[in-house]
Amino acid sequence: MLDEHGQEARHVAAVWWLMFGLAAGVYVIVAAFIFIALLRGRRTATGKPSRFKDDTFIWIGGIGVPVVILALLAVVTVTTTRVLRNSEPGELRIDVTGKRWWWDVRYPDSGVVTANEIHVPVGRQVDVALTSGDVVHSFWAPQLAGKLDLIPGQTNHLRFKALDAGVYRGMCAEYCGLEHADMDFLVVADAPADFDRWLLRRSTGAGTTAQSDEATKGEVVFTRESCAGCHTIRGTSAQGTVGPDLSDFGSRRTIGGATVPNTPDELAKWITNSQAIKPGNIMPPISLSPSDLQAVVTYLEGLK
Amino acid sequence: MTALETRPVHLNDDELLELWEDAPGIPGFLSTVDHKRIGIRYIVTSFIFFFIAGLTALLMRAQLAQPHSGVLSPAVYNELFTMHGTTMIFLFNTPVLAGFGNYLIPLHIGTRDMAFPRLNAFSYWVFVLGGIFMYSSFFIGKMPNGGWFGELPLISKTFAPGVNVDFWGLGIVFTGLSTTVGSINFIVTIFKLRAPGMTINRMPLFVWSMLVFSFMAIFAVPAVTLAAGLNELDRLFATSFFVPALGGNVLLYQHLFWFWGHPEVYILFVPATGMISQIIPTFSRRPIAGYIWVAGSLVTVGFISFGVWVHHMFATGMPPLAMAMFSGASLIITIPSGIQFFAWIATMWKGKVTLDTPMLFAVGFLLIFLLGGITGVMVAVMPFDWQVTDSYFVVAHLHYVLNGAVVFPIFGAIYYWYGKMTGHELSERLGKLSFWVMFIGFNITFFPMHILGFLGMPRRVYTYNDGLGWGGLNMMVSIGSGIFGLGTGISLWNWVWSWRRGRAADPDPWHGDTLEWATTSPPPHYNFASIPLIASRHPLWDQSPVPEALSGPEDETRALGREGAVDRATPITSGIDTRPEGNLEIPNETYLPLVIALGLAVFFTGLLIDATLTGVAGIALAVVGVLWWTWRTEEDLA
């Protein structure tokens, strides 16, 4: 949160450092008062008369100083809120739907669909429209912006702007059941040109065709077996909507809501029995012959 | 009252005791209406739940000490954090304070029992049966798992089909009854039973705090009853209050829950500060600074706390302007707390401080609450809250407030009043040792959580990946929790050991200013053979020995003196200026409160297991009990 790479997170970090300064000062001074009071109170034989009246303590420490600090914080709250909740022209819309326990990501202007990995262009404000397909989730990429909940039957808009290229971790921050802990995502902030290329490649459907015999066999297995019932791969007969869209699976960095890194080994393990990696997720164990499994892995890892 | 003339008036003390004595053994245990027995029972029962919930915390910390550890399965972890929070709020903090209120209020205000002693017994039985109800889920392996505040639609029938959540929802509705009934009893007792001369501006601050507690509870608890109750209607009877697909609204649930939930934090905190406002002056050998300020602060907190609930919902996407109002109220509520804080500092500053165990806990409270209060101001600042809400920063903040700033005063209060309650002294040595271990353990446990929140660790996760940089701090937190647990264990040992074996306690070991120190330790069943006559805010400091009232010939004054005790009556006085107005007759022991509470427990069990007959039988038993209660009133009073 303090290693901030987004404009919104930077605003909040500034608020934090202001509050931290005030808080440290208040804590040290008041704690000093407590200790002085204790020492005075312990040393004096009968209660030494003090120059201060009781009410003086209350008026200054209990009312005067707090009122000043709180007024300052109220102003900071209002001004920062105004800045954070502002929209900018030309912002890029991204629709994110939280599901147990993964993230469905769509770019409505270009029809691109992906999952668990959100690409955004550096320096351009994005408007992430958040809703939920089941229970309440919360979208939190601490290095970029604060949280906003995903609520069924309601769409919330989180706006943020990434300032530096990089890969930022995000997660669900509202308890959503068994695997709440493994409902992470990545925000990949690309230089604008890279982002445009990324988006264009997906919107044209390039990369979803099998590149080798092994991969072609994998595609056959994928559409023949139960995989296609739940997953979509653009340009094939696999059009399931229960699980994440896998059209650009090979380009993703992680599997299963950022639970494990996306390597052929991990993928094979995931397909065989994802319940061992992320118990309770809705994907059942899939039994494939070793050669079919190898083909599917090759196929999926080739989708870029 | 005709009985008066037929009974010998001048009983000696032994005969008086015998008149008030409960039946021995189990029958007396089950039927007593003595506020002191009930109060102690409340405290002991709550602490049993406290240590159970503490163990759940230690188990969770064992799991989180390292990334990807397999100590607990995710399902069990989720059950444990749900029960930890639920237990601490509903089965420890609220009832333990009600227990202190029960025990102390009649003694503090100089009367012989609560206004409604049978209702008092009833609220205890409801509480303990509600707790057993919730924990019975453990024995069938279906503990609640929806989080202590639930969250819809997560705890709807669709996403939580099992009976787990019903244990929780019905348990909340059930135990809420106990709090409401108890609060009504406190309010009437405080307004109508104060000893003559204890005008409203002479009430001890703990009594003030329990008055505020009670009013807040009466207005807040119905909201949580509604939230949990409507969800149970959705679950059990297929209504759709919170079902979005059928036009229900899940945010309505959050509003209802937090309309209770945030006042609840102050419902717990206010009596804790009331205890501190008794302890600090006693160990500073002077009256509290700014009594009027402190009493006024308690009342102000009570009001403002109903305007802050949305700060639990800053991330739900409500319009910023609406949220700004709640942000503002959440900042303003700091001021009454600040006033109290400096009243305590001024009291010590100009007093003569001795650091006995209760005072150590009070000072520990000051240092912890200072930080918890500061982080509380921070989370009131909306943009900052968007970052830290539902992260470990909030876990740290809430434990600084609800553990540090409520549990430390409660431990202090036990060390302060234990001798009075049991007649036996605690070991000061063990008490101080316990304090230091707890204080150090507390800070090692909860301080690093602030940093974990900044590092992006969300709340309620059963595990985390390595490589995120959370491992070291989590290990530290887990070690700290073990130290803190050890500290509480030392106190537990101290309390259990001293229960029978501690040295006999003085009537007034700390030289306190309030009336409980004017009676023996433990006090006789009737508290005061003659009601004390109050002429000061600090009767034991200013009027020692406190003068005793004599019974007058008129009805209004008959209960004041010894004849009142002989008559099992206590005087009723006017609310503000305590003019005697009449006699309140104190009922004998009765099983009816237990019977009605059992009936309700059977009714809720019927709902839980979907057994109509059981439910009907339970409610019938309760109704018969209530009718019998009204019918038998005269007999009980005879």
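Two residues are taken to be in contact if their C-beta atoms, placed from the backbone, lie within 7 Å. By that criterion, in this predicted model, 66 residues of chain B are in contact with 70 residues of chain A. On the side of chain B that touches chain A, six helices of chain B each supply at least two residues: α5 (74–109), α9 (250–284), α11 (320–332), α12 (334–349), α13 (357–380) and α14 (382–388). The most is given by α12(B), with 11 residues. Sorted by class, this side of chain B comprises 43 nonpolar, 16 polar and seven charged residues.

The crossing in which α9(B) passes α13(B) is left-handed. From α9(B), the contact draws on Ile276(B), Ile279(B), Ile280(B) and Phe283(B), while α13(B) contributes Pro358(B), Met359(B), Ala362(B) and Phe365(B). By class, these residues are eight nonpolar, no polar and no charged.

Elsewhere in chain B, Gly469(B) lies in the loop between α16 (428–454) and α17 (471–501) of chain B. Is this glycine buried or exposed? A residue counts as exposed if 12 or fewer other C-beta atoms lie within 10 Å of its own; Gly469(B) has 11 such neighbours and is therefore exposed. Its C-alpha atom is separated by 26 Å from that of Glu79(B), a residue 390 positions away along the chain.

Chain A contains an open sheet of five strands, with the order β4-β10-β9-β6-β7 and mixed pairing. The edges are formed by β4 (117–121) and β7 (148–150) of chain A; each has a single partner strand, so one side of each is left without a neighbour in the sheet. From one strand to the next, the twist averages 30°. Strands of a sheet pair through backbone hydrogen bonds, either parallel or antiparallel. Within this sheet, strand β9 (residues 166–172) of chain A runs antiparallel to strand β10 (residues 184–190) of chain A, and six bridges join them. Arg169(A), for instance, has Leu186(A) in β10(A) as its bridge partner. Helix α3 (residues 192–203) of chain A packs on the sheet, where it touches β4 and β10 of chain A. The direction of this helix makes about 130° with that of β4(A).

How values were computed:
Residues are numbered from 1 along each chain as its sequence is written. Chains are lettered from A and ligands numbered from 1 in the order in which they are written. This is a predicted model: local features need pLDDT of at least 70, side-chain atom pairs count only at pLDDT 80 or more; totals for chains, interfaces and linings use all residues. Helices (H or I, at least four residues) and strands (E, at least two) are DSSP runs, numbered from the N terminus. Ala, Val, Leu, Ile, Met, Phe, Trp, Tyr, Cys and Pro count as nonpolar, Asp, Glu, Lys and Arg as charged, and the others, Gly among them, as polar. Two strands pair if DSSP finds at least two bridges between them. Axes are lines fitted to C-alpha atoms, for helices over the stretch in contact, and angles run from 0 to 180 degrees between N-to-C directions. A residue is buried if 20 or more other C-beta atoms lie within 10 Å of its own, exposed if 12 or fewer, and partly exposed in between; C-beta atoms are placed from the backbone. A crossing is left-handed if the near helix is turned anticlockwise from the far one by less than a right angle, and right-handed if clockwise.
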